[in-house]
Amino acid sequence: MSDASAVVEARNLPPQVKEIVFRETEILRRVRELGERISRDYARRDLMMVGILKGAAPFVCDLARRVTRPVLLDFISVTSYSPTPRRGSVRILKDLEEDVTDRHVLVVEDIVDTGLTLNYLLNLLRARSPASLQVCTLLDRPELRLVELPIRYTGFRVSQEFLIGYGLDYREEHRNLPFIATMRLELEGVD
Ligand code: PRP
């Protein structure tokens, strides 16, 4: 990280930030590596990247810019019916605008925890007959997994601590932090 961005980070730290886990430079270095891998893997195939709103928005935009092939970029927005996700309790808020049929689709997530959201989405997209369907997630928390998923590309494996920044939120806040950090949940009255 440059001295200048270190100063900016230090000045702008909200009190909820406990510890920075991945600095901006580290995230972007990993994004570049993933972009290079994806560019090689899809060298002979047209790629459609599907970002899952809202969390994956920063990641999918940075990642798409690191892919050296034309990318068709689209977004889908989903939510859980309840704060504690249950199997099949995902609802679509905004569907894709493009057709995935016969396209090589890469679903891009910010984080996979239980896997229930992604499992629902993969089943939904599979039913629309893409030519291929793969997953790229920036963060993976396999300890929380309730359903096995095929994840082709992973940025980082993380522990169970609550994370904010680079798309990840706490009650819709902190998504715009350029880094990923653990959070002082006690400031929000959470044990
Ligand atoms: C988060 C994240 C994944 C999902 C992962 O989304 O972006 O989509 O949870 O959890 P799971 O593996 O247990 O299903 P969230 O529902 O918080 O919405 P957001 O992307 O708008 O923050």
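So, the largest pocket: 33 residues line it, and the ones nearest its centre are Ser 80, Ile 111, Asp 113, Thr 117 and Asp 169. Keep in mind that this is a predicted model. The space in that pocket comes to about 1,200 Å³. If you want to find the lining on screen, look for strand E2 (47-53), strand E3 (71-80), E5 and H4, the elements that each give two or more residues to it. Sorted by class, the lining has 14 nonpolar residues, nine polar and ten charged.

Okay, what takes up the space of the largest pocket? The ligand does. Two elements give two or more residues to the shell around the ligand, namely strand E5 (104-112) and helix H4 (116-126). E5 gives the most, with four residues.

Now the shell itself. There are 14 residues around the ligand, and the closest are Glu 109, Asp 110, Thr 114, Gly 115 and Thr 117. By class, the shell splits into six charged, four polar and four nonpolar residues.

On to the polar contacts. Glu 109, one of those closest residues, has a polar side-chain atom 2.5 Å from a ligand oxygen. Gly 55 uses its backbone instead, with an N or O atom 2.9 Å from an oxygen of the ligand.

Methods. Residues are numbered from 1 along each chain as its sequence is written. This is a predicted model: local features need pLDDT of at least 70, side-chain atom pairs count only at pLDDT 80 or more; totals for chains, interfaces and linings use all residues. Side-chain values use heavy atoms; hydrogens and water are left out. A residue is near a molecule or strand if one of its heavy atoms lies within 4 Å of it. A polar contact is a pair of N or O atoms within 3.5 Å; within protein, one must be able to donate a hydrogen and the other to accept it, and residues adjacent in sequence count only if both atoms are side-chain atoms. On a 1 Å grid over the protein atoms alone, a cavity is a set of points where a 1.4 Å probe fits but cannot get out, and a pocket is an open set with protein on both sides within 12 Å along at least five of seven lines; lining residues have an atom within 4 Å of a point. A molecule sits in a cavity or pocket if more than half of its atoms lie within 2 Å of its grid points. Ala, Val, Leu, Ile, Met, Phe, Trp, Tyr, Cys and Pro count as nonpolar, Asp, Glu, Lys and Arg as charged, and the others, Gly among them, as polar. Grid points are joined across faces, edges and corners, and a volume is the space filled by probe spheres set on the points.
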